[in-house]
Amino acid sequence: MSFVTIGGITLHHRHLKATGNARAIIFINSLGTDFRIWDDVVAALDGEMSLLVYDKRGHGLSDIGDISSIDDHVDDLSGLIDHFGWEKIVLCGLSVGGMIAQGLYARRPEIVEAMILCDTAHKIGTNESWNTRIAVVERKGIQAIADGVLKVWFTPAFHTARVAELDGYWNMMTRQAVAGYVGTCTAIRNADFTDAARRIAVPTLCIVGDQDGSTPPALVRSLAALIAGSRFEIIRDAGHIPCVEQPEALTALIRDFVASLAPGAENHG
């Protein structure tokens with residue numbers, strides 16, 4: 001296990017180096033998960049790119065810290081990029097991870113070569129929906145909402161055929177720190193990147209599972225419509241977390257997208 005302290009927050013991460021010149025791609029996970037959701041994608045891309053996964057604050061083995069806005073998560077991501085000395089990076093963010101990616105671009109556009117925004121949006125949910133979730137979790141714990149959340153994370157087919165994995169992801173979600181979960185819910189509730197998305201001027205791939213009940217295809221398509229020249233793709237037979245449910249399809253899209261980028265921005269790492 002690898003840890004680094006960024007701005008007083010200790011972050012759990014895993015860095016897989018690539019040989020020679022290779023692009024650096026950072027994966028940012030969703031609410032209520034840790035970086036293991038990327039395992040299958042990272043295993044497939046290992047050696048092709050310099051890969052970094054990390055547990056955002058309040059999740060996994062990272063510190064909880066204070067979380068009041070997406071900027072808190074952006075602080076950590078920005079510090080990680082500087083820690084590894086990357087001058088250009090590709091960001092791949094899932095759900096709130098995609099909002100963190102948008103926040104990083106808004107703050108430091110010069111360092112972002114391209115973005116993969118997966119099952120995310122410029123604005124997710126309503127004040128009412130987030131306030132209701134926060135109140136339930138604070139009163140009864142994450143387990144009180146877990147079954148409902150997993151229904152949008154994964155398709156009915158996954159629930160039927162992959163019961164042991166479903167149990168594992170239920171465990172992952174319910175074992176996150178309540179303070180980290182609630183803080184990140186608050187950050188999502190308060191975030192609105194509608195105007196910022198219109199200013200994104202790097203190659204961007206927007207991806208969504210066809211059965212995503214959290215950020216449905218129409219919502220992700222609306223994000224893509226805000227970003228000039230973006231590409232929009234739907235992954236079949238996937239819910240909110242395609243990197244778990246359909247990793248081969250997601251990996252193929254990532255590989256094709258990165259291959260389409262102009263040469264010259266590769267990093268050593």
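## Basis

The model is predicted, and local features need pLDDT of at least 70, side-chain atom pairs count only at pLDDT 80 or more, and totals for chains, interfaces and linings use all residues. Residues are numbered from 1 along each chain as its sequence is written, and side-chain values use heavy atoms, with hydrogens and water left out.

## Annotated region

UniProt, in an unreviewed entry, lists residues 27–240 as "domain: Serine aminopeptidase S33". UniProt positions follow the numbering used here, feature names are shortened, and annotations may be inferred rather than shown by experiment. Over residues 27–240 the chain is 49% helix and 14% strand, where helices (H or I, at least four residues) and strands (E, at least two) are DSSP runs numbered from the N terminus. The end C-alpha atoms of this stretch are 15 Å apart.

β6 pairs in the parallel sense with β4 (residues 24–28) over 4 bridges; pairing requires at least two DSSP bridges between two strands. Here V90 is the bridge partner of I25. With β7 (residues 112–118), β6 pairs in the parallel sense over 6 bridges, and I89 stands opposite V112. The chain passes from β6 through helix α3 (residues 96–107) to β7 in a right-handed β-α-β crossover, meaning that, with the strands pointing away from the viewer, the path from the first strand over the helix to the second runs clockwise.

## Core

The largest nonpolar core has 97 residues, of which I26, F27, W38, L91 and I254 touch the most other members. Such a core is a set of buried Ala, Val, Leu, Ile, Met, Phe, Trp, Tyr and Cys residues joined through side-chain atoms within 4.5 Å. Leaving aside residues up to four places away in sequence, I26 touches, among others, I89, V90, L91 and C92 (contact: heavy atoms within 4.5 Å).

## Cysteines

The structure holds 0 disulfides (pairs of cysteine sulfur atoms within 2.5 Å). For C92, the nearest cysteine sulfur is that of C118, 5.9 Å away. C92 is buried, with a relative accessible area of 0%. The sulfur of C206 is 9.8 Å from its closest cysteine sulfur, in C118, and therefore too far for a bond. C206 is also buried, at 0% relative accessible area.

Technical notes:
Buried means under 20% relative accessible area, exposed over 50%, partly exposed in between (1.4 Å probe, protein chains only).
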